[in-house]
Amino acid sequence: MIERLKNLGKWVLPGVPDKMLLRVRWFGSGLLMAGYFTILYVSVPAGVIMTLTSDIICLPYALRKNYWDIVVIISMFSVINIVRLLTL
């Protein structure tokens, strides 16, 4: 089972170089900060959509590098954000 998890990173976006995923993760992190700012000061639905988008953007990098703690945190916050969108 552990070997399968270690090899999972090779299957995530196989043609995309690590440097490109790193740049995309930087963009996703910036979008995450902008999303939380939007939640606090502008609009909750727009901010939640921005944070969900940033989670989707950052997830491939975490999977490729086998950062399982980050994958779990991103997944947990995504579920919380989806529930928040559904209850608005």
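Predicted model: local features only at pLDDT ≥ 70, side-chain atom pairs only at ≥ 80, totals over all residues.
Student: With which residue does Lys 65 form a salt bridge?

Tutor: The closest N and O atoms of the pair are 3.2 Å apart, and the cut-off is 4 Å. Lys 65 sits in the loop between helix 3 and helix 4 (68-86), while its partner lies in helix 2, 47 residues apart. That partner is Asp 18.

Student: How many salt bridges does the count come to?

Tutor: Side chains of opposite charge can pair when their charged atoms come close. Arg 64 pairs with Asp 18, and Lys 65 pairs with Asp 18. The count comes to two.

Student: How many residues apart in sequence are the parts that Arg 64 and Asp 18 tie together?

Tutor: The salt bridge between these residues has its closest N and O atoms 2.6 Å apart. Arg 64 belongs to helix 3 (residues 44-64) and Asp 18 to helix 2 (residues 18-41), so the pair ties together parts whose separation in sequence is 46 residues.

Student: Is Arg 64 buried or exposed?

Tutor: Asp 18, its salt-bridge partner, is partly exposed at 35% relative accessible area. Arg 64 has a relative accessible area of 16%. The limit for burial is under 20%, so Arg 64 is buried.

Student: What is the C-alpha to C-alpha distance between Met 50 and Ala 34?

Tutor: Met 50 is in helix 3 and counts as partly exposed at 23% relative accessibility. Beyond residues up to four places away in sequence, Met 50 touches Leu 31, Ala 34, Gly 35 and Thr 38. Met 50 and Ala 34 are 16 residues apart in sequence, and their C-alpha to C-alpha distance is 7.6 Å.

Student: Which residues does Ser 78 touch, not counting residues up to four places away in sequence?

Tutor: Ser 78 is placed in helix 4. At 14% relative accessibility, Ser 78 counts as buried. With those sequence neighbours left out, Ser 78 touches Leu 52 and Asp 55.

Notes:
Residues numbered from 1 in each chain as written. Heavy atoms only, no water. Salt bridge = Lys/Arg side-chain N within 4 Å of Asp/Glu carboxyl O. Helix = DSSP H or I, 4+ residues; strand = E, 2+ residues; numbered from the N terminus. Buried < 20%, exposed > 50% of the residue type's maximum accessible area, 1.4 Å probe, protein only. Contact = heavy atoms within 4.5 Å.
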